[in-house]
Amino acid sequence: MEEIKQQNSGGFKNEFDDDEQSPHYQQHTSMTDTSISTDLKKDSYEQNRMLKNNIYKAASKFNLKPKKGIEYLLEFNNAKDADYDTKLEMIANFLKTTPALDKTAIGDYLGEDIQINKDVLKKLIETMDFTDKKFVPSLKMMLSGFRLPGEGQKVDRIMEMFGDKYVKDNPETVGTSECIYLLAYATMMLQTSIHNPSARNNYMTLADFKKMTKGINNGGDLSDEFLDEVYETIEKDPITLVEDDEARIKNEGSSATSYKRKQEIFVKEGQGLAKRGYELMKEKRKTTHFILVNNSQAIGPLFESCWSAMFAVFSVLLEEHDDPKIIALC
């Protein structure tokens with residue numbers, strides 16, 4: 001345990017169907033329907049819109065100062081005087097389901113040595129299901145929602161919670177909760193040594209990794225086969241955030257000089273977007289209703305946000321073309 005932590009004293013750098021009879025598919029087509037207040041539920045729509053605005057405002061505050069963001073979240077939900085467990089569930093859900101949150105800020109918040117932060121971390125990890133999942137994919141699942149902090153003590157608290165939950169979901173796993181906790185810590189050090197360019201001088205070999213994890217299973221060693229698999233998986237497929245992958249691809253694209261290389265990066269980026277979009281829509285399909293609305297009121301907020309950009313595009317087309325068909329479209 002101490003050996004692992006001492007080596008990290010510098011911290012980490014870091015199917016859809018088209019079945020319209022589906023219970024999830026509802027259609028509203030009449031633009032003059034007098035029951036629009038029932039179908040569209042204007043009051044509910046406005047409430048949801050205000051809720052979204054408040055959530056994004058809370059996210060903006062959280063990204064600057066997590067404590068202020070959480071205070072605002074509880075305030076607009078009238079939850080300041082709610083029971084403790086309700087607060088934990090609300091905060092955990094906010095951290096898990098709000099795309100506008102900065103992943104680094106989430107990681108720092110969850111790693112703080114404050115009781116409510118630690119309880120939120122526990123509540124958040126409890127929502128994850130590691131049953132029958134291998135070690136590395138489970139670790140990736142947990143770390144897909146936030147960036148691991150650079151401070152060793154914060155990492156320590158997060159990995160300890162992960163170890164408890166992984167063993168709880170997999171009682172017949174390779175080791176105890178403390179073993180999984182130490183293995184997770186060592187795995188992140190392995191990730192840093194292999195994939196962080198600034199740590200290439202301390203590249204960790206398979207032999208080094210096995211030496212580091214020696215005796216962590218109640219004094220015993222983990223099997224060579226298991227450790228080989230962990231090492232090979234991290235070496236070939238590092239634990240990264242979607243945001244980091246996107247940033248890396250964009251950087252590669254901006255620095256690419258040949259047409260062929262730019263085309264390869266373009267295809268790669270498109271495949272990534274398609275895959276993430278498919279997964280997101282598939283997940284939404286399970287939990288939400290799709291409502292097709294032809295009433296212009298519902299798309300008002302969209303045009304409030306993008307009208308200026310659309311106007312600029314149409315202006316360019318009108319200035320550069322004399323074709324009546326194109327002008328009519330604009």
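Thr 187 is found in helix α10 (residues 177–195). Helices here are DSSP runs of H or I with at least four residues, strands are runs of E with at least two, and both are numbered from the N terminus. Thr 187 counts as buried because its relative accessibility is 0%. Buried means under 20% relative accessible area, exposed means over 50%, and partly exposed lies in between (1.4 Å probe, protein chains only). The C-alpha atoms of Thr 187 and Thr 213 are separated by 9.4 Å. Along the chain, these two residues are 26 residues apart.

This is a predicted model, in which local features need pLDDT of at least 70 and side-chain atom pairs count only at pLDDT 80 or more, while totals for chains, interfaces and linings use all residues. Residues are numbered from 1 along each chain as its sequence is written, and side-chain values use heavy atoms, with hydrogens and water left out.

**The whole protein**

The secondary structure comes to 16 helices and two strands. The protein has 330 residues, and buried residues make up 32% of them. Its accessible surface comes to about 20,900 Å². Carbon and sulfur atoms account for 52% of that surface. Accessible areas come from the Shrake-Rupley method with a 1.4 Å probe; for residues, only the protein chains shown count as cover.

**Helix α5**

Helix α5 covers residues 84–97. At 1.5 Å a residue, its 14 residues should span 20 Å, and the end C-alpha atoms are 20 Å apart, which agrees. The expected span is 1.5 Å times one less than the number of residues. The buried residues of α5 are Lys 87, Leu 88, Ile 91, Ala 92, Phe 94 and Leu 95. They cover an arc of only 160° around the axis, which puts them on the same side of α5. The arc is that of the directions from the helix axis to the C-beta atoms. An α-helix has 3.6 residues a turn, so residues three or four places apart point the same way.

**Helix α6**

Helix α6 (residues 103–111) is mostly covered. Seven of its nine residues are buried. These are Lys 103, Ala 105, Ile 106, Gly 107, Tyr 109, Leu 110 and Gly 111. At the start of α6, a side-chain oxygen of Asp 102 reaches to within 3.1 Å of the backbone nitrogen of Thr 104.

**Salt bridges**

A search of the whole structure finds ten salt bridges. A salt bridge is a side-chain nitrogen of Lys or Arg within 4 Å of a carboxyl oxygen of Asp or Glu.

Lys 154 lies in helix α9 and Glu 112 in the loop between α6 and α7 (115–126), so the pair ties together parts that are 42 residues apart in sequence. Helix α9 spans residues 152–169. Lys 154 counts as buried because its relative accessibility is 9%. Glu 112 has 30% relative accessibility and so counts as partly exposed. Asp 108 joins Glu 112 and Lys 154 in a network of salt bridges.

What of the other two pairs in the table? Lys 118 is partly exposed, at 24% relative accessibility. Lys 214 counts as exposed, at 58%.

A polar contact of 2.5 Å joins the side chains of Asp 169 and Lys 165. A polar contact is a pair of N or O atoms within 3.5 Å; within protein, one must be able to donate a hydrogen and the other to accept it, and residues adjacent in sequence count only if both atoms are side-chain atoms.

**A nonpolar patch**

Ile 299, Leu 302, Phe 303, Trp 307 and Phe 311 form a nonpolar patch on the surface. Together they have about 550 Å² of accessible area. Patches are made of residues with over 30% relative accessible area and no salt bridge; like charges are joined within 9 Å, and nonpolar side chains (Val, Leu, Ile, Met, Phe, Trp, Tyr) within 5 Å. Leu 302 lies in helix α15 (residues 300–320). Leu 302 counts as exposed, at 51% relative accessibility.
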